[in-house]
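Welcome! Take a moment to look over the sequence and the model, and then we can walk through a few places together.

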Amino acid sequence: MLTPEGAHATNAMNPANATASPVDRAALQGGRRRLIFVTNRGPVEYTFGADGTAQPQAGAGGVVSGLLSAARERPVSWISVAMTDADRAVAKSLDGATLAMPHELSYLAPRLVYLPEATYRQYYDGISNRLLWFAQHGLPHADIARSPQTRAAWAGYVAANRALAETVIAELDTCETAPPVMFHDYHLYLAPAMVRERVPEARLAHFVHIPWPSVERWADVPEEMVRAIYRGLAAVDVLGFQTARDVHNFLDGAAHFLPGVFISRDPDELRWRGRRTLVRAYPIAVTPLEVCAAADTPAARGQLRPLRERLGLDLGRKLIVRVDRVEPTKNIVRGFAAYEQLLAAHAEWHGRVVFLALLVPSRESVGEYQAYAEDVERSIARVNARFGDDGWQPIVALYGNDRGRALACMRDYDVLLVNSLADGMNLVVKEGGLVNRRDGVIVLSDRAGAYAQLHRGVLGVRPTDIEATAGALVRALEMSSEERRLRAQQVRDVLEREDASTWLGRQLADLMRVTGFPTMSAPFAPNALSHADLDPPRASYLVPDALAARGATKLAFGAAGPAIRLSRSPRETIPLDDVTFPTGSDVGDLDSASMG
Ligand code: F6P
């Protein structure tokens, strides 16, 4: 199994075997430690082409693009679930082997985990996207929770988590050192404990992308399920949430659902059954340069041009935009109802404003989502029939998952409407705030995680209040250019300081800090820095407790990157290649670390 980091590499890191997988080669070349991501949706998805062969395409969705941008070409073993028929066919034929990747993505080693379709449906539809999605977003779910199908579906959720955990364990078995393993989201609450049981020394983190409810709001979910979820998450070393409120709710719930737990605050952590879990908020971020570049590709701009004509923007019409997956938490129907109120009360806006809704079909195999998609279509048809005429269609809805088109359209909004009933963070608002070039106004739900960060620049609304939302839309449309400019700048000021790789790096830095550095037991890591690399050391030092306990005196920021220096001999330095630190400045704590 795993040996202390720094022990002589004999297998994956052995140059003789370096051609075995692209990840190992990249790790050797870049000298950067491999990560293991575990997600439901992965970086590659397959569909059957006309000739019946499985055709790969880039995985859709915010988590995938966010993690790719955060990892920044670092070697990643990425374990995800086979979601489509074609995925399943590929997963079966590969039997656990990694997917072949094109050269530009050769730093990724993705594995698709096969689940029988019935198991997948129970896990993805039944528990993840009906029960947990509804419960965690505060949507009614008592009937779902009580239904015999949901109880039966739990077995599928357990089995899927087991299958993912087994794949992680097999992957760890091939590793000479303990790479960070990061689980993501509500599909995978149980897998960490399954891995921990078999690999006690594994370094495990989990990031929950969606809101964490208070204890009372878990009341409708069968208690044995909630307890199992808490036990699963208490097995990680670092547990991340989007906001401080989620952290608070999780720790309150831990006192209730984990008998014998000890909870301490500041830093927030729980101790349970001899283990310690750091629980922290790491608000997810996007990378400004990457987002702005994606909005400005020739392909994206090419889509925008004819659309501008169709929407009548060149005639001076104002543009309201929304970009959402079609599902009930996004509150799309109430958004259109607010727009309808606006048009009913303000005839002067008829023909002078248009609402572009970029809608991504989502989870269509689940009844509640289908019904909601029909409600959305009906409300669009109603508003268009009530107010539209030959020269003006008040709502233009475009369906499909096209991130480039969405980003390009957000460059031109006058108003961006994000009125989710609940939202872990909401990345649309972050992307929109960065790419918009018209000082557009953001109308933002106060229930979205992003509100805590952006409230100074946006117009906040309570998402259930249609009248208030209509009022905010009018205010946004009529706002003076000076106020628009100030608000848009306030939003950009927040967003431009963020970066996806810093978001990931903070979690990795915490993970390395709390798990300690097993390298300390090895006299020389194979790729240890020489004394000369650190002489004279360029910058600051700090002594995390975990390092000090193992005899380290300093974390040094040398010319060749950060390294641990042991007290025993100046030559015993070990590169800390997971994080980079600002060189030449004092570093107060590991929060300032970012991915290398
Ligand atoms: O935030 C929840 C989430 O998992 C996102 O992370 C992701 O972008 C979205 O839901 C997509 O869901 P699905 O993979 O079911 O389409």
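R245 is found in helix 9, residues 244-257. With a relative accessible area of 45%, R245 is partly exposed. R245 also belongs to a positive surface patch, together with R217, R447 and R462. Keep in mind as you explore that this is a predicted model.

Now to the charged pairs.

| Pair | Closest N to O distance |
|---|---|
| E171 and R111 | 2.6 Å |
| D439 and R492 | 3.8 Å |

The pair of E171 in helix 6 (residues 148-173) and R111 in strand 5 (residues 108-113) links distant parts of the chain, 60 residues apart. E171 is buried, at 4% relative accessible area.

D510 sits in helix 19 (residues 500-515) and R280 in strand 11 (residues 275-281), so their pair ties together parts that are 230 residues apart in sequence. Both D510 and R280 are buried.

D439 lies in the loop between helix 15 (427-435) and strand 16 (441-445), while R492 is in helix 18 (residues 481-495), so this pair ties together parts 53 residues apart in sequence. D439 counts as partly exposed at 22% relative accessibility, whereas R492 counts as buried at 16%. Elsewhere, salt bridges that share partners join D85, R88, E117, R121 and D125 into one network.

Let us finish with a loop. Is N331 buried or exposed? N331 is buried, with a relative accessible area of 2%. This residue is found in the loop between strand 12 (318-325) and helix 12 (332-345). Leaving aside neighbours within four places in sequence, N331 has contacts that include R322, Y372 and P463.

Definitions and conventions. Residues are numbered from 1 along each chain as its sequence is written. This is a predicted model: local features need pLDDT of at least 70, side-chain atom pairs count only at pLDDT 80 or more; totals for chains, interfaces and linings use all residues. Side-chain values use heavy atoms; hydrogens and water are left out. Helices (H or I, at least four residues) and strands (E, at least two) are DSSP runs, numbered from the N terminus. Buried means under 20% relative accessible area, exposed over 50%, partly exposed in between (1.4 Å probe, protein chains only). Contact means heavy atoms within 4.5 Å. Patches are made of residues with over 30% relative accessible area and no salt bridge: like charges are joined within 9 Å, nonpolar side chains (Val, Leu, Ile, Met, Phe, Trp, Tyr) within 5 Å. Accessible areas come from the Shrake-Rupley method with a 1.4 Å probe; for residues, only the protein chains shown count as cover. A salt bridge is a side-chain nitrogen of Lys or Arg within 4 Å of a carboxyl oxygen of Asp or Glu. Lys and Arg count as positive and Asp and Glu as negative; His and the chain ends are not counted. The place of a charge is taken as NZ of Lys, CZ of Arg, CG of Asp or CD of Glu.
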